Amino acid sequence: VYTVPSEITFGSGKAELSSGGKQALAAVANRLQRDYPDHEFWVEGHTDSDPIKKSKFASNRDLSLARAMAVLRY
């Protein structure tokens with residue numbers, strides 16, 4: 001399991017990857033390609049338990065899904 005903290009990857013209430021997040025994901029992707037070629041991987045998105053107040057997302061669930069998709073697309 002590789003975990004990249006959201007403080008590095010996403011701004012609060014956002015699903016756009018930060019430049020630090022892109023760097024971290026590139027490092028993880030390189031490691032996975034090197035150590036586990038031809039494998040499939042799961043991508044999970046997470047948020048915190050704070051209710052969303054100022055965001056385009058209706059819920060933390062929607063935000064976590066958008067974050068996972070941003071990672072997958074990157």
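These questions and answers explain the terms used for this predicted model.

Q: What makes up the secondary structure of the protein chain?
A: The protein chain has 3 helices and 0 strands. Along the sequence the pattern reads α-α-α. The C-alpha atoms fill a box of roughly 40 × 20 × 20 Å along the principal axes.

Q: How many of the residues in the protein chain are buried?
A: The chain has 74 residues, and buried residues make up 20% of them. To be called buried, a residue must have under 20% relative accessible area.

Q: Why is the pairing of Lys 56 and Glu 16 called a salt bridge?
A: The cut-off is a nitrogen of Lys or Arg within 4 Å of a carboxyl oxygen of Asp or Glu. The N to O distance for Lys 56 and Glu 16 is 4.0 Å, so the pair counts as a salt bridge. This pair links distant parts of the chain, 40 residues apart. Lys 56 sits in the loop between helix 2 (19-35) and helix 3 (60-73). Glu 16 sits in the loop between helix 1 (6-9) and helix 2.

Q: Is Lys 56 buried or exposed?
A: Lys 56 has 67% relative accessibility. Exposed means over 50%. Lys 56 therefore counts as exposed.

Q: What makes Arg 31 and Asp 35 a salt bridge?
A: Their closest N and O atoms are 2.7 Å apart. The limit is 4 Å, so the pair qualifies. Arg 31 and Asp 35 both lie in helix 2. They are 4 residues apart, about one turn of the helix.

Q: Why do Arg 31 and Asp 35 count as partly exposed?
A: Arg 31 has 38% relative accessibility. Asp 35 has 31%. Both values fall between the 20% and 50% cut-offs, so both residues are partly exposed.

Q: How do you know that Arg 31, Arg 34 and Asp 35 form one network?
A: Asp 35 also forms a salt bridge with Arg 34, the closest N and O atoms being 2.9 Å apart. Salt bridges that share partners join Arg 31, Arg 34 and Asp 35 into one network. Arg 34 is exposed, because its relative accessible area of 58% is over 50%.

Q: How many salt bridges does the structure hold?
A: The structure holds 3 salt bridges. Why can such pairs form? Side chains of opposite charge can pair when their charged atoms come close.

Q: What lines the largest pocket?
A: The largest pocket holds about 1,300 Å³ of space. Of its 40 lining residues, the closest to the centre are Val 4, Val 43, Glu 44, Gly 45 and Val 71. Helix 1, helix 2 and helix 3 each supply at least two residues of the lining.

Q: Which classes of residue make up the lining of the largest pocket?
A: The lining has 21 nonpolar, 12 polar and 7 charged residues. Val counts as nonpolar, Glu as charged and Gly as polar.

Q: Which residues make the nonpolar surface patch?
A: Val 43, Leu 65, Met 69 and Leu 72 make a patch of about 340 Å². Leu 65 has 48%, so Leu 65 passes and counts as partly exposed. Leu 65 lies in helix 3.

Q: What makes the phi of Asp 38 worth a look?
A: Most residues other than glycine have a negative phi. Asp 38 is not a glycine, yet its phi is positive, about 65 degrees. Asp 38 lies in the loop between helix 2 and helix 3. Its relative accessible area is 82%, over the 50% cut-off, so Asp 38 is exposed.

Q: Why is Lys 54 called exposed?
A: Lys 54 has 83% relative accessibility, and exposed means over 50%, so Lys 54 is exposed. Lys 54 is in the loop between helix 2 and helix 3. Lys 54 and Ser 12 are 42 residues apart in sequence and 9.5 Å apart in space, C-alpha to C-alpha.

Technical notes: Residues numbered from 1 in each chain as written. Predicted model: local features only at pLDDT ≥ 70, side-chain atom pairs only at ≥ 80, totals over all residues. Heavy atoms only, no water. Salt bridge = Lys/Arg side-chain N within 4 Å of Asp/Glu carboxyl O. Buried < 20%, exposed > 50% of the residue type's maximum accessible area, 1.4 Å probe, protein only. 1 Å grid on protein atoms, 1.4 Å probe; cavity = no way out; pocket = protein on both sides within 12 Å on 5 of 7 lines; lining within 4 Å. Points joined across faces, edges and corners; volume = space filled by probe spheres on them. Patch = residues over 30% accessible without salt bridge, like charges linked within 9 Å, V, L, I, M, F, W, Y side chains within 5 Å. Areas by Shrake-Rupley, 256 points an atom, 1.4 Å probe, with all protein chains shown as cover.
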